[in-house]
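Here is a short report on a predicted model.

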Amino acid sequence: MSPEIDGRDGPEGRDALEGLAERFHAVYGRSAAGIWAAPGRVNLIGEHTDYNGGYVLPFALPQVSEVAAAAREDRTVHVRSLLNGETAEFSLDGLAPGVVEGWASYAAGVLWSLEQAGHRLPGMDLLVDSNVPVGAGLSSSAALECSVALAATEIAGVVLPAAELARLAQHAENDFVGMPCGIMDQMTAVAAEAEHALLLDTRSMSTEQVPFTLAQDDLALLVLDSLAEHRLVDGEYAARRAQCEAGARMLGVKSLRELTDDGVAPEDLPARLTDEVTLRRVRHVLTENARVLAAREALRTGAYAQLGEILSAAHASARDDFEITVEETDTMVETLLRLPASGDVQPALGARQVGGGFGGCVIALIHADSFDGLLAAVQDNARRRGFTEPTGFLARACPGARRLA
């Protein structure tokens, strides 16, 4: 596999756009009004902090969800996916949770959310495509939601700030699709900038663009898809959120973010929480918020060895306190960190599982010239353990949602 996966900026991207426009015409018998895109994301640090009012530090990937769209004269919506060849049709009149299910619910939910906010939309024809890996924890759902949201608002002549567009997309996923995600994925999809990570305070919704240019120091961020089943649908994500909310109630705070504001130390928690599981969940969130702020400073100062240590500590916390890792990702992290240096291959400076958990991807801060050797090592480890061989690429920070054509 190519070390770096391109988005839609080069010649291949332009060919893909022309192909999507041609497919739209073939499906709907007319030209699209435009093509819009929103990216997947990697969260450098800050897992399960967003719905706790905390800090996150994601960046947008070159991989995007794209939608070609055109308005209709009625209130009917047709949406077709090039990923599975399926088509869904529904009316904006009477659209409600449960009316549209499956993959199309993410697009339908965004339109429903916009209308719930008072933005009347025309019917429209949508053709969607994506190269964001599905089920890898890289937020393919938010990429779809935000690309559709951007297309729909522009077609309807609605202008919304990035934070409001993200909030409405999150509302769609929470209350139409039924996934209790935080705001991070959608905010990254609309507000990210090239060559920057996005420090997001999910309580105030304030953002800071943090320079993220590893290549200048001959480093890179390796993204490895474990290809293990991404098992968010079994209720574990919702269970972790409920446990955090229970912990906040036990501690008498509105959200666990208040612990960071109040200067609560991890060692203070056992005296205040007698339930062991709740203690560990709360401790993860408290220490993870601290790691996000430390990672920002490491990026600002170029302290990459420290950044690597922060990533590895985050994985240990996700594994031991939050219990969201799986054997496939644990062994990948172990291999990346413990690989003996030999020739051009150096072990990773740090590594961790990313995303909501229970499968998905691992990221690693690596020396750029070690890509091939590290990928081969984790693939060999997977073969020996009977796991599916992971795939990998080098990620770079790219811009957020935008019109492409």
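Helices here are DSSP runs of H or I, at least four residues long, numbered from the N terminus. R291 and E288 both sit in one such run, helix α8, three residues apart, about one turn of the helix. Their side chains form a salt bridge, 2.8 Å from N to O. R291 is buried, and E288 is buried too.

Helix α8 spans residues 276-301 and also holds R280 and E276, four residues apart, again about one turn. These two form a salt bridge as well, with the closest N and O atoms 3.6 Å apart. R280 has a relative accessible area of 15%, under the 20% cut-off, so R280 counts as buried. E276, at 45%, is partly exposed.

Now to helix α5, residues 184-191. Eight of its eight residues are buried, so the helix is largely enclosed by the rest of the structure. The cover over these residues includes strands β1, β2, β6 and β7 and helices α3 and α4. Among the buried residues is D185.

What does D185 pair with? The side chain of D185 meets R41 in a salt bridge, 2.7 Å from N to O. The pair links distant parts of the chain: D185 in helix α5 and R41 in strand β1, 144 residues apart. D185 is buried at 15% relative accessibility, and R41 is buried at 4%.

| Salt bridge | N to O distance |
|---|---|
| D185 and R41 | 2.7 Å |
| R280 and E276 | 3.6 Å |
| R291 and E288 | 2.8 Å |

The count of salt bridges comes to 28. R30, R72, D74 and D125 are linked in a salt-bridge network.

Definitions and conventions:
Residues are numbered from 1 along each chain as its sequence is written. This is a predicted model: local features need pLDDT of at least 70, side-chain atom pairs count only at pLDDT 80 or more; totals for chains, interfaces and linings use all residues. Side-chain values use heavy atoms; hydrogens and water are left out. Buried means under 20% relative accessible area, exposed over 50%, partly exposed in between (1.4 Å probe, protein chains only). Helices (H or I, at least four residues) and strands (E, at least two) are DSSP runs, numbered from the N terminus. Contact means heavy atoms within 4.5 Å. A salt bridge is a side-chain nitrogen of Lys or Arg within 4 Å of a carboxyl oxygen of Asp or Glu.
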